[in-house]
Amino acid sequence: MLALTLLAAAETYAEVDTGGTKVTISAMVVAPPPCTVPANMNISFENVNVENITTYKKKIDYFIMCEGSSKIKMKITGEGATFDGNVLKTSNGNLGIRLYADGTPWHINTPLPINYPVIPQIDAMLVKQRNATLATGIFTSEAIMIVETN
């Protein structure tokens, strides 16, 4: 799951006296975020063979739309695997997801500088704990994409 938070908010109130009838007008004044990203992204590795786990790599399709800045930072935040804090934890304790930015390993929770509008290709690759036996079954993982202007 990916998310971008609202940057600013303020409330404005105005009262008008119309000869004894009180009229209250309220509104929320907000600043739009300078960058937007997909609200949700789902990545499926489908069926994977536990004998060849490190051969499963998926391209993450995403977009970034920014106004006013060419220097941005992107970060994928999430909980690290117990066997390697630089990869995303999954519901299978011996399995993690390593991220790559343009083919180079990218550690979770680490900002990646981007010269917008060129955005890097992001890939996700399954990794397992060394010498571990993987339990079969469905696994899941969650992370948040954060994009900030410099």
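Biologist: Which pattern does the protein follow when read along the sequence?

Modeller: Read that way, the protein follows β-β-β-β-β-β-β-β-β-β-β-β-β. Its secondary structure comes to zero helices and 13 strands. Helices (H or I, at least four residues) and strands (E, at least two) are DSSP runs, numbered from the N terminus. Before we go on, please keep in mind that this is a predicted model: local features need pLDDT of at least 70, and side-chain atom pairs count only at pLDDT 80 or more, while totals for chains, interfaces and linings use all residues. Residues are numbered from 1 along each chain as its sequence is written, and side-chain values use heavy atoms, with hydrogens and water left out.

Biologist: What pLDDT does the protein average?

Modeller: First the idea: pLDDT is the predictor's confidence in each residue, from 0 to 100. Here the average is 81, and 78% of the residues score at least 70. Over residues 1–18, pLDDT stays under 50. For that stretch the model has 53 contacts beyond four places in sequence, where contact means heavy atoms within 4.5 Å.

Biologist: Among contacts between residues at least 6 apart in sequence, what percentage join residues at least 24 apart?

Modeller: That comes to 67% in this protein.

Biologist: And what share of the residues is buried?

Modeller: Buried means under 20% relative accessible area, exposed means over 50%, and partly exposed is in between (1.4 Å probe, protein chains only). Of the 150 residues in this protein, 31% are buried.

Biologist: How many bridges join E9 to E12?

Modeller: Two strands pair if DSSP finds at least two bridges between them. E9 and E12 run antiparallel and are joined by seven bridges.

Biologist: How many salt bridges does a search of the whole structure find?

Modeller: Side chains of opposite charge can pair when their charged atoms come close. We call it a salt bridge when a side-chain nitrogen of Lys or Arg is within 4 Å of a carboxyl oxygen of Asp or Glu. The search of the whole structure finds two. One is between Lys89 and Glu79, with the closest N and O atoms 3.3 Å apart. Lys89 lies in strand E8 and Glu79 in the loop between strands E6 and E7, so this pair ties together parts that are 10 residues apart in sequence. Lys89 is partly exposed at 36% relative accessible area, and Glu79 is exposed at 53%.

Biologist: Which residue forms a salt bridge with Asp84?

Modeller: Arg98 does, and the closest N and O atoms are 3.2 Å apart. The pair links strand E9, which holds Arg98, to strand E8, which holds Asp84, across 14 residues. Both Arg98 and Asp84 are buried.

Biologist: How many aromatic pairs does a search of the whole structure find?

Modeller: A pair of aromatic rings is described by the distance of the centres and the angle of the planes. Rings of Phe, Tyr and Trp (its six-membered ring) pair if their centres lie within 6.5 Å; planes under 30 degrees apart count as stacked, over 60 as edge-to-face and the rest as tilted. The search finds one pair. It is formed by Phe45 and Phe139 and is tilted, at 6.4 Å centre to centre with 35 degrees between the planes. Phe45 lies in the loop between E3 and E4 and Phe139 in the loop between E12 and E13, so the pair ties together parts that are 94 residues apart in sequence. Phe45 and Phe139 are both buried.

Biologist: Which peptide bond is cis?

Modeller: Most residues other than glycine have a negative phi, and most peptide bonds are trans. The bond from Tyr116 to Pro117 is cis, with omega near 20 degrees. Pro117 lies in the loop between strands E11 and E12.

Biologist: Is Glu46, then, buried or exposed?

Modeller: Glu46 is exposed, at 64% relative accessibility. Its phi is positive, about 60 degrees, although Glu46 is not a glycine. Asp102 also has a positive phi, near 50 degrees, and is found in the loop between strands E9 and E10.
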